[in-house]
Amino acid sequence: MSQRTLLILIEADQNELEVRKRQRDGLEFNANEYDKRTEQELATLRQYRHHFKHIITNSDGKLNVTIQNIIDLYKNLLLD
């Protein structure tokens, strides 16, 4: 049996991510706490994004679509 590794980048719009953080943290939200981490994450993403063969967007309110896209990708790879 052959083995393969499936590497998928699941990304989201930065503005949507901030809204999610604000909703999750409520009154305790502090943008300054996220700024450095976000800056580091974006730098890493810019550096390595081109290595990902499969990129799926996780848009707000579309979790089921994101999950289905992952399932479809997996199924298609199994058929190859």
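1. The lining of the largest pocket divides into five nonpolar, two polar and two charged residues; Ala, Val, Leu, Ile, Met, Phe, Trp, Tyr, Cys and Pro count as nonpolar, Asp, Glu, Lys and Arg as charged, and the others, Gly among them, as polar. Lining it are Arg4, Thr5, Leu6, Leu7, Lys53, His54, Tyr74, Leu77 and Leu78. Helix α3 (residues 63-79) gives the most, with three residues.

2. This is a predicted model, in which local features need pLDDT of at least 70 and side-chain atom pairs count only at pLDDT 80 or more, while totals for chains, interfaces and linings use all residues. Residues are numbered from 1 along each chain as its sequence is written, and side-chain values use heavy atoms, with hydrogens and water left out.

3. The mean pLDDT (the predictor's confidence in each residue, from 0 to 100) of the protein is 92, and 98% of its residues reach 70 or more.

4. The lining of the second largest pocket has six nonpolar, two polar and four charged residues. Its largest share, five residues, comes from α2. Helices (H or I, at least four residues) and strands (E, at least two) are DSSP runs, numbered from the N terminus.

5. A search of the whole structure finds one aromatic pair. The ring centres of Phe29 and Tyr34 are 5.7 Å apart and their planes lie at 20°, so the pair is stacked; rings of Phe, Tyr and Trp (its six-membered ring) pair if their centres lie within 6.5 Å, with planes under 30 degrees apart stacked, over 60 edge-to-face and the rest tilted.

Terms used:
1 Å grid on protein atoms, 1.4 Å probe; cavity = no way out; pocket = protein on both sides within 12 Å on 5 of 7 lines; lining within 4 Å.
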